[in-house]
Amino acid sequence: MENNQQAAPASPSIPSSQIPRDHRETVGDYTVESPRMSARDVNVHYGDKHAIKGVNLDLGRNEVLAMIGPSGCGKSTFLRCLNRMNDTVKDCKVTGDITLDNKNIYDKKLDVVELRAQVGMVFQKPNPFPKSIYENVAWGARIHGLANTNAELDEIVETSLQKAGLWNEVKDRLDAQGTGLSGGQQQRLCIARTIAINPEVILMDEPCSALDPIATAIVEDLIDELREQFTIAIVTHSMHQAARVSQRTAYFHLGDLIEIGATNDIFTRPRHELTEDYISGRFG
Ligand SMILES: Nc1ncnc2c1ncn2[C@@H]1O[C@H](COP(=O)(O)OP(=O)(O)O)[C@@H](O)[C@H]1O
Ligand SMILES: [Mg+2]
């Protein structure tokens, strides 16, 4: 109970009687050596709804962290805290500490646009702009001033499309509409668009849920390659996907981070019975 003081949200609109004190302690080591991002005692409320309860979690360098758990357990909410996407959600209150390279991302002086360039996001449904393939990738690099000349911009577009595994499929039609690509290609285009701004961390919220199995396999291979350069946190409702792409897995349940550990351990010898129930398909 020594956390009571810290756990109290800053918002006076939430009566303290409604703050559950019984949130579950996390099983497993949530820390990593030299983390890229670190979350400590993170609580999220939507009005009275306590959606994330005192979560502590590190994101390591060059790793894919999978976030799993039943629908509504707070996976997307937690992911959105990591690049302050909840800032714009009505009645959403985030408390606690989140750092990127040891800097507080909720610092009032921090430029949120800059943060979202460093911590990019790929969504469930591919959402290319209604512009050319070239422009989809060039746009962010241009507004962030990453290219001084057209040749430099061309270079960023080509490299980003290559890293996203899409270059060979689109190099002869860069002027075609991004929205005209197949679903899997569109998602890789969105990944290229994210990469073009040179992020450190890429957040992915069920990035394959709208894709067919072949497109899913291509994106999963890509995620594994991207790990060499980026830190990746991926929300997935597919345990098979979590097992295929991630090195660590975090299991959420009703806003609690129940268990965290090496992916192989979580799926072969879970320590918490809620984790075991979920991975053995008893619910979720
Ligand atoms: N904008 C919102 N306003 C109010 N409640 C929300 C909002 N977004 C999510 N929630 C609630 O917060 C909880 C966690 O939701 P979410 O993070 O979307 O879960 P998941 O991604 O694991 O399915 C759910 O109970 C959901 O209904
Ligand atoms: Mg979600």
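**Ligand shell and sheet in a predicted model**

Visitor: Which element gives the most to the shell around ligand 1?

Guide: This is a predicted model, where local features need pLDDT of at least 70, side-chain atom pairs count only at pLDDT 80 or more, and totals for chains, interfaces and linings use all residues. Residues are numbered from 1 along each chain as its sequence is written, while chains are lettered from A and ligands numbered from 1 in the order in which they are written. Strand E2 (49-59) and helix H2 (75-81) each supply at least two residues of the shell; helices (H or I, at least four residues) and strands (E, at least two) are DSSP runs, numbered from the N terminus. With three residues, the top contributor is H2.

Visitor: How many residues of the shell around ligand 1 are charged?

Guide: Residues around the ligand (C-beta, placed from the backbone, within 6 Å) include Tyr46, Lys49, Gly72, Lys75 and Val89. Asp, Glu, Lys and Arg count as charged; Ala, Val, Leu, Ile, Met, Phe, Trp, Tyr, Cys and Pro as nonpolar; the others, Gly among them, as polar. Four shell residues are nonpolar and six polar; the charged ones number two.

Visitor: Which strands are the edges of the open sheet?

Guide: Its four strands pair antiparallel in the order E2-E1-E4-E5. Pairing takes at least two DSSP bridges between two strands. Two strands pair on one side only: E2 and E5 (103-104).

Visitor: What is the bridge partner of tyrosine 46 in E2?

Guide: E1 (residues 37-46) and E2 pair antiparallel over seven bridges. Their hairpin has two residues between the strands, and glycine 47 takes a positive phi near 60 degrees. Serine 38 stands opposite aspartate 58. Tyrosine 46 is bridged to lysine 49.
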